[in-house]
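Morning, everyone. Please bring up the structure, and I'll walk you through it.

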Amino acid sequence: MEGDKMQFEKQKQAIHVEVLVKADSTAKQTDVRTHVVALLNRHSMVFRNYKWTEFDEEFLRKHVEYVAVVDIEEMLKQPVDLKSCCVSVHIFTLNDDGPSTLSLEQDEELSAANHWLLPAAEFNGIWESLVYENGIKTQLLDYVTTTIYFSDKNVDSNLISWNRVVLLHGPPGTGKTSLCKALAQKLSIRLSSRYSYGQFVEINSHSLFSKWFSESGKLVTKMFQKIQQLIDDKDALVFVLIDEVESLTAARNACQAGTEPSDAIRVVNSVLTQLDQIKRHSNVVILTTSNVTEKIDLAFVDRADIKQYIGPPSERGIYNIYLSCLEELMKCQIIYPRQQLFTLFELETMGFATSEVSEHSLTLMNIALKSKGLSGRALRKLPFLTHALFIKTPSVSLEMFLDGMDRAVDKQKEEKENLVNGV
């Protein structure tokens with residue numbers, strides 16, 4: 001097993017193992033790697049993703065929070081033998097500092113953006129919590145990997161064009177911003193042998209274009225000069241997130257209608273020009289989101305290499321979200337005692353047969369079917385609302401909690417309908 005080796009040509013066949021080292025550990029990475037490889041050799045058969053959080057060996061107990069086999073296809077029908085795979089081990093620690101503000105001037109009240117050092121403790125676990133169909137997360141990982149691979153090979157961008165721009169669009173509450181943060185976190189770990197750390201800069205374009213028109217493009221240029229300083233450090237992999245990128249369109253439309261100052265159009269053009277300049281650097285990725293698809297600026301759409309729609313979760317996605325929530329509540333003993341819940345793949349293997357052991361899983365499946373149409377944000381909130389509205393006791397059985405979830409879904413759908421009808 002060769003750690004941190006990027007297998008660009010065999011990315012899809014590679015098995016990735018992430019090792020979170022404790023913040024107070026003084027162990028050398030080479031020693032951590034040796035002990036992790038020994039662990040993987042002893043437990044080489046895994047079925048889908050797997051995480052070790054408890055260890056028999058003293059060294060791992062002292063220095064490592066977890067060892068996780070990650071991003072294995074969920075529907076694999078056979079266990080994976082790690083000894084026969086190309087395994088890449090990624091060792092990392094988390095930055096606990098939280099976000100800082102990227103200000104434009106020493107006494108500037110308006111901050112240009114929020115700024116994190118990656119991998120960030122705040123982003124840990126987001127990737128795993130997001131459930132999408134059709135391999136969306138894998139496609140995004142592969143896209144960024146290819147951009148770096150093409151740069152490594154000195155591909156002439158005048159002949160083969162790519163802009164390092166990702167556009168995620170779809171309705172609110174589907175996790176677009178969270179996915180951008182999770183993608184940056186994942187890649188800062190995945191490419192840790194190549195870049196010493198990651199930088200994540202989050203620009204709120206709505207705030208930018210509503211407050212800074214009077215200064216024309218000057219402050220926008222200053223903001224990107226700050227970002228350029230981060231990019232100039234070639235040991236850093238830099239991610240720039242522009243949320244609500246449809247504000248670009250809003251600014252142009254307002255200018256054309258005569259409702260905004262005439263220099264508004266220069267602000268927008270300045271942003272597009274600055275993005276065109278920073279894309280020339282091999283260590284930057286531009287991530288953007290939009291809730292209003294039909295209003296996205298065409299000039300920006302043309303720059304995006306990937307235009308990925310992020311919609312509401314499917315029934316399968318909803319089931320997986322609920323399953324992860326219930327497993328967490330059982331781990332915390334809010335639902336007690338712990339009882340087995342099957343994955344959808346396991347239920348399918350059983351032919352959805354009703355039995356004493358599958359009863360709760362089938363009940364959860366019916367709740368998931370009834371939840372179709374709720375946003376990912378609403379789904380993640382639903383177990384909390386279930387407990388607050390229908391349980392109100394320190395701990396509860398799984399059967400009673402599922403009954404409460406069923407009632408909470410009915411309440412959510414009723415409230416959603418009332419909002420639509422203006423009740």
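Let's start with glutamate 356. It counts as exposed, because its relative accessibility is 75% and the cut-off for exposed is over 50%. Keep in mind that this is a predicted model.

Where does glutamate 356 sit? Look at the loop between helix H12, residues 344-349, and helix H13, residues 359-370.

Now to glutamate 202. Is glutamate 202 buried or exposed? Its relative accessible area is 15%. Buried means under 20%, so glutamate 202 is buried.

Glutamate 202 belongs to strand S10, which covers residues 197-204. What does glutamate 202 touch, leaving out residues up to four places away in sequence? Ala113, Asn114 and Trp116 are on the list.

Next, the whole chain. How many helices and strands does the protein chain have? There are 15 helices and 13 strands. The protein chain has 423 residues, and 49% of them are buried.

On to contacts. Take the pairs at least 6 apart in sequence. Of those contacts, 77% join residues at least 24 apart.

Last, the surface. The accessible surface of the protein chain is about 20,900 Å². Carbon and sulfur atoms account for 49% of that area.

To recap the pair: glutamate 356 is exposed, whereas glutamate 202 is buried. Thanks, everyone.

Technical notes: Residues are numbered from 1 along each chain as its sequence is written. This is a predicted model: local features need pLDDT of at least 70, side-chain atom pairs count only at pLDDT 80 or more; totals for chains, interfaces and linings use all residues. Side-chain values use heavy atoms; hydrogens and water are left out. Helices (H or I, at least four residues) and strands (E, at least two) are DSSP runs, numbered from the N terminus. Buried means under 20% relative accessible area, exposed over 50%, partly exposed in between (1.4 Å probe, protein chains only). Contact means heavy atoms within 4.5 Å. Accessible areas come from the Shrake-Rupley method with a 1.4 Å probe; for residues, only the protein chains shown count as cover.
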